[in-house]
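Welcome! Take a moment to look over the sequence and turn the model around before reading on. The report below visits a few places in it, one at a time.

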Amino acid sequence: MRHADRTVLVTGGGGGIGAAIVERYLDEGAAVAIVDFNAEVGERYVAALADRGHKVHFVAADVSDFAACERACASVEAALGPVDILVNNAGISPKHAGQPMPIHRMDPAEWRQVVGVNLHGAFNFSRLLTAGMIERGYGRIVSMSSVAGKAYLGDIVAAHYSTTKAALIGFTRHLAGELGPHGITVNALAPGRIATPMVRTVSEAANRGVVDITPLRRLGEPSEVADVCCYLTSPQASFVTGQVIDVAGGWLMT
Ligand code: NAP
């Protein structure tokens, strides 16, 4: 029960890695707010979690929309109280028939969409929730970068994705410096290939190619990312800030 009495907000918590993170925090005694795109799926998911006795709240919002994030934060704080831990997890990696779009054919609207969700989303919630954390002298922020933010992954992701994931590393280090004096730690995770709907947007062969060069010879599980996320916000990591932790089975060792 390392997170008993903590309130956590997880963006993109309705599926994939985000859902594993939500469930891990609930198991560790936290109250958890999920902000995700799809209202129907989210409401159903939260109802199932609440039936198991957990303290959960769902808000449908597009993380790239600042006004929607503002409404989401107000709804979460009204339902669960001040947010202690923010997990900037929502992210997208658009593909076209299983392939990332090369830069010379990329639609500027797709570039803006990826920057909006992956980067502005993290800014929006950090902007909205850090004033309260500063006031209370305590906060934890974890953002979901990727090994793609540190190395070239070939034809698995496109330039917008790698760019936003690299930017989140700079964002993390800056916030760690700026917010450390207020008792707030800020870290990032850099997952490798994790078995979620996102990795199924490329061919089996492409994922097999990654597994073949991953020392642990498999895809990661969402729960394995959730474990490290919860560690970073736990009392066991109270002196860890400004770090980017690979959860990648040794792939790339960036
Ligand atoms: P996922 O299975 O696609 O789940 C992403 C979640 O975010 C979904 O619930 C999705 O909702 C939600 N979402 C998407 N756009 C949103 C928006 N604009 N506003 C609010 N919610 C939105 O992806 P995942 O694999 O779990 O990835 C989670 C994070 O880890 C992402 O940041 C990703 O870049 C990062 N990551 C993943 C891997 C991997 O191998 N899976 C590796 C490195 C990093 P809908 O389903 O309704 O769209």
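Predicted model: local features only at pLDDT ≥ 70, side-chain atom pairs only at ≥ 80, totals over all residues.

## A threonine in a loop

You can find Thr196 in the loop between strand E6 (184-191) and helix H6 (204-212). Is Thr196 buried or exposed? Its relative accessible area is 7%, and buried means under 20%, so Thr196 counts as buried.

## Around the ligand

Now look at some polar atoms. A nitrogen atom of the ligand lies 3.0 Å from a polar backbone atom of Val63. Asn89 has a backbone N or O atom 2.7 Å from an oxygen atom of the ligand. With Tyr161 it is the side chain that takes part: one of its N or O atoms is 2.6 Å from an oxygen atom of the ligand. On its own, the ligand has 890 Å² of accessible area, and the protein covers 86% of it.

Let us check the length of a helix. Helix H3 has 15 residues (residues 66-80), and at 1.5 Å a residue it should span 21 Å.

Which residues of H3 are buried? They are Ala68, Cys69, Ala72, Cys73, Val76 and Leu80. These residues cover an arc of only 140° around the axis, so they sit on the same side of H3. An α-helix has 3.6 residues a turn, so residues three or four places apart point the same way. The buried residues of H3 pack against strands E1 (7-11), E2 (31-36) and E3 (56-60), and against helix H4 (108-136). On the face turned away from the buried side, you will find the exposed residues Arg71 and Ala78.

## The ends of H3

What caps the N-terminal end of H3? Asp65 does, with a side-chain oxygen 3.1 Å from the backbone nitrogen of Ala67. After H3 comes Gly81, which has a positive phi, near 95°.

## A buried glutamate

Finally, visit Glu28, in the loop between helix H1 (16-27) and E2. Its relative accessibility is 11%, so Glu28 counts as buried. Apart from neighbours within four places in sequence, Glu28 is in contact with Met1, Arg2, His3, Ala4 and Cys230.

Terms used
Residues numbered from 1 in each chain as written. Heavy atoms only, no water. Helix = DSSP H or I, 4+ residues; strand = E, 2+ residues; numbered from the N terminus. Expected span 1.5 Å × (residues − 1). Buried < 20%, exposed > 50% of the residue type's maximum accessible area, 1.4 Å probe, protein only. Arc of directions from axis to C-beta. Contact = heavy atoms within 4.5 Å. Polar contact = N/O pair within 3.5 Å; in protein donor to acceptor, adjacent residues only side chain to side chain. Areas by Shrake-Rupley, 256 points an atom, 1.4 Å probe, with all protein chains shown as cover.
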